[in-house]
Amino acid sequence: MTKKSFWGRLTESGLLLPIVSLLLVMAVNIVFDIVSGNNPFNFFMITLQHTTSNGNVLYGRIIDVLNRGSEAAILAIGMTLVVSSSAGTDISVGSVMSLCASFCCMLLAGYGVSSTSTLAVPLIVGVLGGILMGALCGTFNGTLVAYFGIQPMVATLILYSAARAIGLLLCNDLIVYVRNGSFAFFGSFLGPIPTPIIITVICIVIMTLLLRKSALGMYIQSVGINPRASRISGLNSKRIIFITYIICGLFAGIAGIVASSRITSADSNNIGLYLEMDAILAVALGGNSLGGGRFNLAGSIIGAYTIQAITTTLYALGVSTTQAPVFKAVIVILIVAMQSEPVKAYMKKRRLAKAAREGGAV
Amino acid sequence: MEENVVLTARGITMTFPGVKALEDVDFTLRRGEIHALMGENGAGKSTLIKCLTGINDFEAGEIHIAGIDGPVKNHSTRDAQNVGISTVYQEVNLCPNLSVAENLFIGREPMTAFHTIDRKSYNKRSQKIMDDLGISVDVTQNLENYSLAIQQMVAIARAVDMDCKVLILDEPTSSLDDEEVEKLFVLMRRLRDQGVGIIFVTHFLEQVYAVCDRITVLRDGHFVGEYPIAELPRVKLVAAMMGKNLDDLEEIGKEHENTAEDKLEISAKGLSHTGTVKPFDLDIHKGEVVGVAGLLGSGRSELARAIYGADKANTGSLEVDGKSVKINQPIDAMNLGMGMLPDDRKAEGIIQDLSVRENMILALQAKQGMFKPLSRAKQEELVDEYIKVLQVKTASKETLVKQLSGGNQQKVILGRWLITQPDFLILDEPTRGIDVGTKAEIQKLILKLAGEGKSILFISSEISEMLRTCSRMAIMRDGEKVNELDHDLTQESVMKAIAGGEQNND
Amino acid sequence: MKKRSSLNGHTILLFITIGLFIVLYAGGCIAYGSKGFTHLQTFLNILITNAGLICVACGLTVVMLTAGIDISVGALIAMDCMMLAVGMRSGIGAVPMMLLVLLVGIAFGAFQGFMIGYLGIQPFIVTMAGMFFCRGMTAVICTDQVSITKEINETFYNLANMKINIPFGGYTNKKGMYMVPYIRVTVVVALLVLVIVYLMLRYTKFGRSLYAVGGNAQSAAMMGLNVKSIRMRAHMLCSVLASIGGICYCLNTMAGSVSQALGLEMDAISSAVIGGTLLTGGVGNVFGSFFGVLINGTISSIVKTNGKLASSWPNILTAILLFVFIVIQSIFAAVRNRRK
């Protein structure tokens, strides 16, 4: 075997795609700032700003990316596992987020109350309730996928279309406001740092520990790569797929609480809207094959922040919120086209031709 | 070209990267004959078929077809159909959700004046085709409403109606029951009498002798011979396929002592799996190496799978170490101290994208459970040990297993099981597709394990290596355990037992 | 040779769907007869409201037959509406704009179909990107809501407001006026689309090859069908039908806005599934999907007529139906596999 170049090693680690994408986005920012006469490193500038409600807090474009990208990053963790184990995507996570937010706010405000500043139940009950609701949704999806053998996209379609409506029903068709500082904490600041960033870090650490300290990671990849061989080697493929969906639901619950806390309300129709797409895109951008198998959690998380960086950059460039999806679409198409078999085969053929080797693909 | 010949292939040679799949193979098919194409795994049967049907691109040789001047070279199954070669596979290549008539006519439907499909006309024509072939079906019904045998016959009818001169039947009987097979034979004979040349690929010896007129045998990509059926008794056929000439069979002496103890490790009574293996009894003692001999598809792998729970047994009972046990899935068997190296390394053995280390500790980890992970240090220690014991050639422990050669991949899976310290190990074709040196190593290892008191079930298509290692052999034929040999184990006695028929009444 | 019962699982599913519609509608009539549910116009209103959805559901049935999916249709409709509104506001005629919308549909479908058929990328991912693209482009064309008024384009306005009277089934309202039941042009278009797609699926080579590809793509290829091209054309057809649906939708709403037709793709998919189209491909029928749309429409209509039920009930009921039908489908599939 020949010695691998740095490039070769980067390609193999699977982090090439997300890192290059992130660097590209940063480069665009630098160019933009130079062109518009600002400090070229505006994107990376972090300053302390004083706010009336939270005192001195960190401020800057990169903080904004980390903060706003929290929900997508949290979702991407669960989505990575689901994609790896079942070669399919959970398209319900955005709606499940919304349901969890609604359930949490309903618990905190009491059924039928549209606005409250005092909590009906202790904060922890509401938050845990919301997260457990996510796990419940994950259980539902996981049962359908693992034990009924329904295609993941189809199985999760059910909650995709129902979860928001159930949330609205739980809230008695109202937008429930929980105007209480303790609830708002999850979406605001801990000291100078935005709380969502801290929550995301905690989620990542917990997941990393779980993957390091148990055999779950190897089980998931093994089942995703070769379910038959995994079975012969003693793994229960169905149960493992089931577990990944529960984990995915749990994280959707956490993301829902964060999103809801930011706006101190449960806006069923808007919380988590299109976030499932961001999470799937993050997984793809992270260099993970949507066909399942080996996964790279770090890649997915970098992918999630890259998407947020793209969004933030577009806003900075004056593109409106509603127009930004065009760029996401172009990126998705480019990524999947590069990953597709015919294009790969073509590239390989060209590489082989370049190396002036005879034979080609036989 | 001979007058009656419809297809001749001369000197067909084809290589896959690193392997010569076919070398200078000849094949001749005459009008109105059923011609069996026989050979063991890797003999080149399917490669030859694929060369005829245009799926494989052969490098040298020529194919001639009656009525066409010059050599024919097909580039797709469509090309092949156009020159009159049609193929029907074991997996029916039709659409179950369409009607029988549509399956007969899709892609070539009769059209009405309005450029729409003329359903009436093709329903009528289809009914006539099926009636003519003596197959009683309602052609307007969806194909999925009929049994596999009927579906196969519809596939054949489609091929025949497309003016095929050469009909290739690639293991069409594998999933049919006896009655259905008989019906298929009636149809095959009818077509033969109409002048179609039929190439019949099967691994059921009984069926070859029931329906075929001529046999061509391939072995290791080489042409062994073409024989009229009457001139090739079963034993000679088996010998031709397995590569020993009966006349100069050497007696291969046992290189080992019998290490079997009196205590039973495994005792199976009436175990079966519907559709693959009929009820069988099998006892295996501690420290014993038991071989399972039989042709491909004889149920030799399925017997092992039923014990291990890879295919859950439908009937019968199993005792392990004297205790009655129930095995629902592989992990149950593993917890009883079993391990299985499956015959299809790629589909059921390796986890391609995991590293050598992960592949080797997978089974032990699965036994321990998810929340008791082996420490990295422990993993490395075990993996290092078995890489050394098995002499696995790999760049590092973290190399992806798919980057290893076939023999080393096999050693990795062997290591996976040895790490679990099994009492009973099933080895299904552990030496297939690996070099001679490694083969010898694996055989030695088997004897060493037996010496340590482990029991081993050894399945192989090479009788000689089983003779070298096994003290007892179970003989499988057509999904049934037909015999058990424990003394006088010779190439000849085993082959006779495998061939069955007139040599061996059962 | 045994022949299994001719009433196979798929036919049963279709009958369940039709029966469910009848039960639902009859239930509505009994419960809300006093609120005018029994009038023919109530049924016609369901058709009028869902004319666009019927076209889209036909399109989705076509791609689902090939085991594909298209989630871009809702966004495509939003883009169509915006194109129509902005185009006509800038003075282009109604007919050229409608033709342009159809052309965009063809081009868009061709691109998606190419990615799916020839590059072999999962339909869900490709059409997800398509969805992003169309939503974004809608905003690129114009971020505001644009209404189509009589002043902007009279032809379009008249087309939208044209009533086609039905000569029977009228009733006298409380003021003593005889109300003639009517439908809109969009209903005629939708029903035409329905019949044409039905005939195409049943009587053309392309139609049958869709079933073959969905039934077993490998076999279809073995039997000489060009699977890649068939997949691509199925997705093109879906986008074109969605564009026709978009025009119908625009005639109903007379406006273009970024948030139009949100989630419409899921309504169409659930209609098709409830109508007996298998998500795994090969089985389905546009009439089933039509009844699926009617069931969804009836549920909304009942909830609306009731007036007290929470607005989220239609979504939940549809999802429950979807769940039930998906589980039934998977059970049928499991039974079929066991028989083999």
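## Chain C as a whole

Two residues are taken to be in contact if their C-beta atoms, placed from the backbone, lie within 7 Å. On that basis, among contacts in chain C between residues at least 6 apart in sequence, 76% join residues at least 24 apart. The model discussed here is a predicted one, and every value below should be read with that in mind.

Chain C contains 14 helices and six strands. Its radius of gyration is 21 Å, close to the 20 Å that the globule rule gives for 340 residues, so chain C is as compact as a globular protein of that length. The C-alpha atoms of chain C fill a box of roughly 70 × 50 × 35 Å along the principal axes, and 55% of the 340 residues count as buried.

## Chain A as a whole

Chain A has 16 helices and seven strands. For its 362 residues, a compact globule would have a radius of gyration near 21 Å, and the 22 Å of chain A agrees with this. Along the principal axes, the box filled by the C-alpha atoms of chain A is roughly 75 × 60 × 35 Å.

Of the 362 residues of chain A, 54% count as buried. When contacts in chain A with a separation of 6 or more are considered, residues 24 or more positions apart account for 75% of them.

## The contact between chains A and C

Where chain A meets chain C, the contact takes 34 residues from chain A and 35 residues from chain C. On the side of chain C that touches chain A, helix H6 (123–141), helix H12 (264–274) and helix H14 (313–339) of chain C each supply at least two residues. H6(C) gives the most to this side, with eleven residues. By class, the residues of the side of chain C that touches chain A divide into 24 nonpolar, ten polar and one charged.

Just after H12(C), C:Gly276 takes a positive phi of about 100 degrees.

## The contact between chains B and C

Chain C is also in contact with chain B, through 25 residues of chain C and 24 residues of chain B. Helix H2 (77–82) and helix H5 (148–161) of chain B each supply at least two residues of the side of chain B that touches chain C. That side of chain B has nine nonpolar, ten polar and five charged residues.

## Helix packing within chain C

Helix H5 (residues 94–117) of chain C packs with H6(C) at an angle of about 150 degrees, their axes lying 9 Å apart. Since angles over 145 degrees count as roughly antiparallel, that makes H5(C) roughly antiparallel to H6(C). The crossing of these two helices, H5(C) and H6(C), is right-handed. From H5(C) the contact is made by C:Phe108, C:Gln112, C:Met115 and C:Ile116, and from H6(C) by C:Pro123, C:Val126, C:Thr127 and C:Gly130. The contact of H5(C) with H6(C) has five nonpolar and three polar residues, with no charged residues.

A second pair is formed by helix H3 (residues 51–65) and helix H8 (residues 185–203) of chain C, which pack at an angle of about 15 degrees with their axes 8 Å apart. That angle makes H3(C) roughly parallel to H8(C), and the crossing of H3(C) and H8(C) is left-handed. Among the residues that make the contact are C:Cys55, C:Cys58 and C:Val62 of H3(C) and C:Ala190, C:Val193 and C:Val197 of H8(C). The residues of the contact of H3(C) with H8(C) divide into eleven nonpolar and two polar, with no charged residue.

Most residues other than glycine have a negative phi. A:Tyr274, although not a glycine, has a positive phi of about 65 degrees, and its place is in the loop between strand E7 (265–266) and helix H13 (275–285) of chain A. With 15 C-beta neighbours inside 10 Å, A:Tyr274 counts as partly exposed.

B:Gln421 is likewise not a glycine and has a positive phi of about 50 degrees. B:Gln421 is found in the loop between helix H14 (406–419) and strand E16 (424–428) of chain B, and B:Gln421 is exposed, with 12 other C-beta atoms within 10 Å.

Definitions and conventions: Residues are numbered from 1 along each chain as its sequence is written. Chains are lettered from A and ligands numbered from 1 in the order in which they are written. This is a predicted model: local features need pLDDT of at least 70, side-chain atom pairs count only at pLDDT 80 or more; totals for chains, interfaces and linings use all residues. Helices (H or I, at least four residues) and strands (E, at least two) are DSSP runs, numbered from the N terminus. The radius of gyration is taken over C-alpha atoms; the globule rule is 2.2 Å times the number of residues to the power 0.38. A residue is buried if 20 or more other C-beta atoms lie within 10 Å of its own, exposed if 12 or fewer, and partly exposed in between; C-beta atoms are placed from the backbone. Ala, Val, Leu, Ile, Met, Phe, Trp, Tyr, Cys and Pro count as nonpolar, Asp, Glu, Lys and Arg as charged, and the others, Gly among them, as polar. Axes are lines fitted to C-alpha atoms, for helices over the stretch in contact, and angles run from 0 to 180 degrees between N-to-C directions. Angles under 35 degrees count as roughly parallel, over 145 as roughly antiparallel, 65 to 115 as roughly perpendicular and the rest as oblique. A crossing is left-handed if the near helix is turned anticlockwise from the far one by less than a right angle, and right-handed if clockwise.
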